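Colleague: I've got a model open and would like to learn how to read it. Could you take me through it feature by feature?

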Amino acid sequence: MRNILKSLVLLASIAFMACNAEPPKPMSVIPAPHQIEWHKMEQYAFVHFTINTFTDKEWGYGDESPEWFNPTDFDADALVRVVKDANLKGLILTAKHHDGFCLWPTAYTEHSIKNSPYKKGKGDIVGEVAEACRRHGIKFGIYLSPWDRNHADYGTDAYLEYYRNQVRELLTAYGPLFEMWFDGANGGDGYYGGANETRWVESGYLYYDWAKVVDIIRELSPETVVWSSSLPDARWCSNERGIIDEHCWAMATPEDMYPNGKDNMAVLRHGQENGTRWAPAEADVSIRPGWFYHDYEAPKTPEELFDIYLSSVGRGGTLLLNLAPDRRGRIPEEDIESLIAWRKMVDNAFRNDLAEKALFTASSSRGRGFEAENMQGENEGYWATADGVTTGDITLKWSEPIKAKYVVIQEHIALGQRIREFVVEAFNGDEWQEVASGTTVGYKRILPLTEEVTTDQLRIRLLDSRAEHAISRIAIY
Ligand code: FUL
C-alpha cells in the first residue's frame, strides 16, 4: 500500500513538472555551487593574530624571534564562540602574515609556533581554531600571505616551492576550507634570512603563477573559494572600509581586474556586466582601525558596523569583518560588546518580513512554476518572465497599511546576474511615488528607504535587464 502511494505521488509530481514552463536559460557566466554556498554565508570573520600582536605592529619586518609569540590565555573555543554569537558564519585566520611567522607547526621552516613559548612549542593555533570551528558549526578559512619578509628565498623559484608546499600542508591538515585568502601586498624591504634588503617580485602578482596554487586547492579542497589577485572566485571590493559600490556586478574578467599584475580599481569596484568569471565582491574591513590589536585603538560602534552591513551584504557581496585578539589571545570585551549590539541591530531590523503578509502580483510570468508568489518568503522557487521579457512590475498589496524601512531584492543567481535598473514605488492613495531606485541587484540588495514609508501597496518596477528576469525573493522590513 505504502509503495503504491509512493508511486502515485511520484507520478503526480512528474505530471506536475511536465506541466511547468521551461526555466530561463542561464547566463553565460554563473556561480559554481561552492560560490552559491559562499554567497549564502553573507558575513564571516577575519582574525588577525601573530607576532605583530606582541610587537604592536601592522607589518612585521621578518626578523622577529618566535619566542615573542606568547598569548597568555588563548582559547580557540572562546574565540569561535564570539564569532558565533555575532552571527558570523565563518572564520579566516592569518596562518602566516607578511612577517613569515607560521601559526602552525609547519614542516617547512623553523620560523613557527613550534619555537615559541606557547604551550612550550607544542601548540598549533591553526589546528586549535580549525577544530573549534568544526565543533561550533563555523566554517574555517585561511589567510596565507604570499609575501614573506622572513624567508631567505623570497623572490626565487625556491620560495614558490616552499609556498606551494605550505598550501598543500595546510589543506591536508586543516581542510576542507571554505575560503583561502591570498593577500595583495607583495614585495618590498625585509629581513629575508638576514639579507636585509628590498625585493620586488615580477609585476606584482605574476611571480606566484597562481594557476599552480589554484590547481593544488582544487585537488585538495574543491569547495574552497579562492580570494586572490588572479583567478579569483571572489574579488577585492577595492577598499578596506567595508563598502561595496551600489553599482556592482558579480562578474569580472581576470585580465581586466589585474592588468600586468596591478589592481584596476574601477573593475574591482563595479565588476563588469560582460565579465568572463563569477568573481563577486567581498568587503574586508576591521572592527578597529588596524588589522592587529593595539591597546590605543577602539572598536567601531554598533551603528558603524550596521552601516557597513548595509553597504556590503546589502550590495550583493559578502562582509569579511576582522577581529583582533589581544596579547592574551582574547577578543577585547569592548569589541565583543560592539559585536553583540550590532548583531541585535541587524536581527531587529530584519526580523519581521512584512512581505509575507502581502498579496504578490506581477505584470507577467513565464508560466506555471514561475509565479509571483515564489518571491514571497523563503523557498526554493523564483519568479521568471518569458524569454526576451526584460521589464516588468511586481506589486505587493496589504489589507492594512504597513510601515516600511527596507526593501530587499534577491536575484536567482544560480542562473546569473541580470537586473540593470529598477525603481521602488509606494502608493500614497492617489498616485505612485518613487521611494528608492538602483541599478544592479545580484545575490541580495538591501535598499534603505530615506524615510519610513506608510503604504498598503509597494511596486518594484524592473526597467532593464540583461535577459528575462529570475527573482527569488522580495522582502520588506
Ligand atoms: C592587507 C595587508 O597588508 C594587511 O596587513 C591586512 O592583512 C589586510 C587584510 O590586507 O593587504
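Colleague: What share of the contacts in the protein chain with a separation of 6 or more comes from residues 24 or more positions apart?

Modeller: A contact means heavy atoms within 4.5 Å. Here, 75% of the contacts with a separation of 6 or more are between residues 24 or more positions apart. Before we go on, this is a predicted model, where local features need pLDDT of at least 70 and side-chain atom pairs count only at pLDDT 80 or more, while totals for chains, interfaces and linings use all residues. Residues are numbered from 1 along each chain as its sequence is written, and side-chain values use heavy atoms, with hydrogens and water left out.

Colleague: Fine. What does the secondary structure come to?

Modeller: Helices (H or I, at least four residues) and strands (E, at least two) are DSSP runs, numbered from the N terminus. The protein chain has 11 helices and 19 strands. Its radius of gyration is 24 Å, close to the 23 Å from the globule rule for 477 residues, so the chain is as compact as a globular protein of that length. That radius is taken over C-alpha atoms, and the rule is 2.2 Å times the number of residues to the power 0.38. Along the principal axes, the C-alpha trace spans about 75 × 55 × 40 Å.

Colleague: Which domains does the assignment give?

Modeller: Domain bounds come from an automatic or database domain assignment. For this chain we get domain 1 (33-349) and domain 2 (354-476). Their centres, taken over C-alpha atoms, are 36 Å apart. Across the boundary, 21 residues of domain 1 are in contact with 17 residues of domain 2.

Colleague: Let's zoom in on a helix. Which residues of H2 are buried?

Modeller: The general idea first: an α-helix has 3.6 residues a turn, so residues three or four places apart point the same way. In H2 (residues 33-41), the buried ones are His34, Gln35, Ile36, Trp38, His39 and Met41. Glu37, also in H2, counts as partly exposed because its relative accessibility is 40%. Glu37 and Phe178 are 141 residues apart in sequence, yet their C-alpha atoms are 9.3 Å apart.

Colleague: Why is H10 described as largely enclosed?

Modeller: Because 8 of the 11 residues of H10 (residues 302-312) are buried. They are Pro302, Leu305, Phe306, Ile308, Tyr309, Leu310, Ser311 and Ser312. Their cover includes strands S1, S11 (281-286), S12 (318-323), S15 (392-411) and S18 (445-465), along with helix H11 (333-349).

Colleague: Last topic, the backbone angles. What is phi of Glu42?

Modeller: Most residues other than glycine have a negative phi, and most peptide bonds are trans. Phi of Glu42 is positive, near 65 degrees. Glu42 sits in the loop between H2 and strand S1 (43-47), and is buried, with a relative accessible area of 13%. Lys120, not a glycine either, has a positive phi of about 50 degrees; at 77% relative accessibility, Lys120 counts as exposed.

Colleague: Where is the cis peptide bond?

Modeller: Look between Gly175 and Pro176, where omega is about -5 degrees. Pro176 is in the loop between helix H6 (157-174) and strand S4 (179-181).

How values were computed:
Buried < 20%, exposed > 50% of the residue type's maximum accessible area, 1.4 Å probe, protein only.
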